[in-house]
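Dear colleague,

Please find below the sequence and structure that I am handing over to you. My notes on what was found in it follow directly after.

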Amino acid sequence: MQQVIIDQYSAVICAAAENKSPLQIRGGGTKHFYGNSSFGQKDILLDTTAYHGIIDYEPTELVITACAGTRLADLEALLAQHGQMLPFEPPHFGADATLGGCIATGLSGPRRVAAGAARDFVLGTRLLDGKGRDLRFGGQVMKNVAGYDVSRLMVGAMGTLGVLLEVSLKVLPKPPFEITIQMPMDEAAAIEKMNQWASKPLPISATCYVEGVLFLRLSGAESAVRAAQIKLGGEELAGGKDFWQSVREQSHDFFQSDKLLWRLSIKSTTAPILLPGKQLLEWCGGLRWLLCDASVGQEIIRKTAKNASGHVTLFRSNALRNAVFHPLDPAMLEIHRLLKEKFDPSGIFNPGRFYSEF
Amino acid sequence: MTLHELVNKLHAILPHEAVLYETEDLRPYECDGLSAYRQLPLVVVLPHTEEQIVKILQLCHATSIPVVARGAGTGLSGGALPHVQGVLLSLAKLNQIIAIDSLARMARVQPGVRNLAISEAVAMYGLYYAPDPSSQIACSIGGNVAENSGGVHCLKYGLTVHNIVKLRVLTIDGECLEIGGESLDSAGYDLLALMTGSEGMLGIITEITVKLIPMPEKAQLVMAAFDDVLKAGNAVANVIAAGIIPAGMEMMDKITIHAVEEFLQAGYDLDAAAILLCESDGSDEEVADEIKQIYSIMQQSGATKISTSRNEAERLRFWAGRKAAFPAAGRVSPDYYCMDGTIPRKRLADVLRGIEKLSLEYGLRCMNVFHAGDGNLHPLILYDANQPGELERTEEFGGKILEMCIRAGGTITGEHGVGMEKINQMCIQFGTGELAMFHAVKAAFDPTGLLNPGKAVPTLHRCAELGAMHVHRGEEKFAELPRF
């Protein structure tokens, strides 16, 4: 049954390659807002939700393998039944979010700062390349250096290199105990404190600074969390779980706006960024969400991010989106073009959605 | 171009003492840590700046001369084995720690810096670099990136790929790529992941920015002896099932226990069929809680003897035996050959039984040390290179172990790399489609194939000649039948 679906996908790819007609690869459609608006009239939709289900999950191996069309919510619910989780806390942005979309966009949530990103937990992938070939890279074990790490290359590639079929992920136990503490302070102090604390062996699993208040989530054994709470001070927040969920899913009041939402991923110790608009900080200051009017030039925002040793993405915009991702320098762009050509020689996978050049 | 002409051109780039071409000077570079493979290069160059490397690469590119990069030469898969017609590019002189940013928790270093030297340099800030391969006192960080090295703590702290943030890489034509950044992610494809573990096939790494993490307040170790390997394997699963991610979890089999106990008296139980070392680290409270839990899990899992380290000296003594497994192998046998497969942990007992059977079949002893937390198995085959045919038999035995790892749903290399050594087993682990894609990725970076030719990825022709059958996990006939 499942192989029939793969054969169908493969046939669609081969036909598209022959006719050079672009394919828009789509799972639950929850991250449709993300990336360049590159959808052409003649594009063919490749719906990846038909290939879904858990292939292998053995809690004591800390590895799960699932079809890319599996709903992220279903996968996380299964892990939760066994006291485990996806440590990178991927945002869903909708009930229908799929594992494939989660990996293709490569987005990670609040716990990223402590646990690692989506790419850190990918162990293996099965995918269809631009010739419709069924390929497997990596595997289901944690240590594996046979062959180039093509699996991790797929993370955040916006579907431009292949159609993901299956993904194997490392999972971790859920922390037995979590609390959130809050403390008012100014932004410069918050940035410094977050980084100082991150240099110490403290069980901080998430940080957020918004509207003059610093929020910290502490996770681990209750004894360790309570001991850290005494060291850190601050006031315990009731409903901490909902707070982090609202940051992860961008349902927090901060994000309720029609303005442009920029995502600045920069060196965490960068001093407060003085740009018009309002900001929310995560990841010890390494991630700064900027809400501002379209009148604030993208050049100044890009320059700010670059000067802070990072990059910027236009995360949400109601207008037609182009050049959403930070431009690549010529040498890097050339490598990107060449890699794209190897995986997708006819240029049919989500053309333009990542970079207009491919 | 004659050797003389090449040397002249290199002398225009480098000081005379940084170009070696006399046989006696080349000799120390004929092999890496896998000494069974030896080859003299045409020339060895020892640049000490990135600028010099750019010029060396431009020269080699223009004249089609292969380039093999080498760090400290501690690799165990022949990845730095020289090319007979090529330049061996030693990065050992690029050994400076350029900058340490303690608040941002990162350090910018040159590729020839020793792994342990990074942790030593940042210890004053209460930070360290987590991946700790056994050779960390000698191995270089550049080599670690090339092989995606692990260590005994990677279940909790990750491999090299999880602990670096940025690379400067030169392509074969001397172009510089800045990959990654000082932010937690970067624009474009994840080339940082692609470069890590690429075995010197895609580019030459000239600078690495590593992530530093806070040193845990405390570490403590539980040592448990078992009368059965299966029980020890179950104990590992029980620890994980309890929601504990130990900082380190190592297993040794009987023959290893005896070899190391004879070598240095670590206090191991000689009656045990397997010994498990399980370490907890973190804050005082966390460690106290976790050690209590681990202790009772070991009891419930049928351990015959359990000890908890009472102080730092005792913890290090318990570890000493495990860390001395390789030298101990060298004591009980003239030569040993270290394998590096990874398997799903639940298959451990099957695979160990299979190895035991092969050991009898080939008439060669085999010690097994196991990174039990992450499934990475290091069988050490004991042999004597002076006995005719014994090395060949050893290699065949090793190859069989790797094939067994693939069949068990694992991989032929967990952390040592494919290099020259496991090139044939790549034909079994991957199909022609995957291998073709690896060659295509290589071609995107190095279209003329001058970087480390012949390593890491076999040609399709080689696989065809070998006649090896590619095994897809669970797709072979009667996959459920034991084959060992």
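In chain B, the C-alpha centres of domain 1 and domain 3 lie 44 Å apart. Chain B as a whole is divided into four parts: domain 1 (3-90), domain 2 (97-214), domain 3 (218-322) and domain 4 (333-466).

Please bear in mind that this is a predicted model. Its scores are ipTM 0.97 and pTM 0.96. For chain B the average pLDDT is 93, and 96% of the residues score at least 70. Over residues 473-484 of chain B, however, pLDDT stays under 50, and for this stretch the model has 10 contacts beyond four places in sequence.

Chain A is divided into domain 1 (2-173 + 334-343), domain 2 (177-248) and domain 3 (257-316). Between domain 1 of chain A and domain 2 of chain A, the C-alpha centres are separated by 32 Å. To the contact between these two, domain 1 of chain A gives 7 residues and domain 2 of chain A gives 8 residues. On the side of domain 1 of chain A that touches domain 2 of chain A, 4 residues are nonpolar, 1 is polar and 2 are charged.

Turning to the interface between the chains, 67 residues of chain A are in contact with 76 residues of chain B. Several elements of chain A give two or more residues to the side that touches chain B, among them α5 (118-121), β7 (134-138), α7 (187-198), α8 (222-232) and α11 (330-343). The largest share of that side comes from α11(A), with 7 residues. By residue type, the side of chain A that touches chain B divides into 31 nonpolar, 22 polar and 14 charged residues.

Which residues of helix α10 (residues 298-307) of chain A are buried? They are A:Ile301, A:Thr304 and A:Ala305. These residues lie on the same side of α10(A), because they cover an arc of only 95° around the axis. An α-helix has 3.6 residues a turn, so residues three or four places apart point the same way. The buried residues of α10(A) pack against β14 (260-265) and β17 (311-316) of chain A. A:Glu299, A:Ile300, A:Lys303 and A:Asn307, on the other side of α10(A), are exposed. Just after α10(A), A:Ser309 takes a positive phi of about 55°.

With kind regards

Definitions and conventions. Residues are numbered from 1 along each chain as its sequence is written. Chains are lettered from A and ligands numbered from 1 in the order in which they are written. This is a predicted model: local features need pLDDT of at least 70, side-chain atom pairs count only at pLDDT 80 or more; totals for chains, interfaces and linings use all residues. Domain bounds come from an automatic or database domain assignment. Ala, Val, Leu, Ile, Met, Phe, Trp, Tyr, Cys and Pro count as nonpolar, Asp, Glu, Lys and Arg as charged, and the others, Gly among them, as polar. pLDDT is the predictor's confidence in each residue, from 0 to 100. Helices (H or I, at least four residues) and strands (E, at least two) are DSSP runs, numbered from the N terminus. A residue is buried if 20 or more other C-beta atoms lie within 10 Å of its own, exposed if 12 or fewer, and partly exposed in between; C-beta atoms are placed from the backbone. The arc is that of the directions from the helix axis to the C-beta atoms.
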